[in-house]
Amino acid sequence: MHEYGIAYDIVETARRAAVDHHARSISKVCVDVGEISMINPEQVEFLFKTIVEDEPLFAGVELVCTVIHPETRCECGYVGNEIYVCPKCGALPAIEKGKEIVVTNIEIEAGEE
Ligand SMILES: [Zn+2]
């Protein structure tokens, strides 16, 4: 169910961009999906398509999800992708990357004035 909210946010973000640019339609939306966001990209894609199904603005739209691998940093100086235990000191590293869902690019078809 979490995925529905994410898909909905992506639709709204794309819609806002399209309206801001007086676009006729949206052709492509690119999203970075953090590997540890616990989000299933296929599910998001499916829900995204379902939400925009009857909207001409989104006719033929493509959603491209890129999975982002985690990147962590520890107080001891460790930088890598261990998310639970720092291999150098055993502490819990801070997650710098790989948790978030971010719309990175929206391709639109310009409308005629
Ligand atoms: Zn450490």
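How are α1 and α2 oriented to each other? Before the answer, two remarks on conventions. This is a predicted model, in which local features need pLDDT of at least 70 and side-chain atom pairs count only at pLDDT 80 or more, while totals for chains, interfaces and linings use all residues. Residues are numbered from 1 along each chain as its sequence is written.

Helix α1 covers residues 2-20 and helix α2 residues 41-52; they pack at an angle of about 55°, and their axes are 8 Å apart. Helices here are DSSP runs of H or I with at least four residues, and strands are runs of E with at least two, numbered from the N terminus. Axes are lines fitted to C-alpha atoms, for helices over the stretch in contact, with angles from 0 to 180 degrees between N-to-C directions. The two helices, α1 and α2, are therefore oblique to each other (under 35 degrees counts as roughly parallel, over 145 as roughly antiparallel, 65 to 115 as roughly perpendicular, and the rest as oblique). The contact involves, among others, Tyr4, Ile6 and Ala7 of α1, and Val44, Leu47 and Phe48 of α2, contact being C-beta atoms, placed from the backbone, within 7 Å.

Gly5 also lies in helix α1. The C-alpha atoms of Gly5 and Leu47 are separated by 9.4 Å, although the two are 42 residues apart along the chain.

I turn now to the sheet. Three strands form an open, antiparallel sheet in the order β4-β3-β5; strands pair if DSSP finds at least two bridges between them. Strand β3, residues 71-73, pairs with β5 over three bridges. Glu71 stands opposite Lys97 in β5.

Methods: Contact = placed C-beta atoms within 7 Å.
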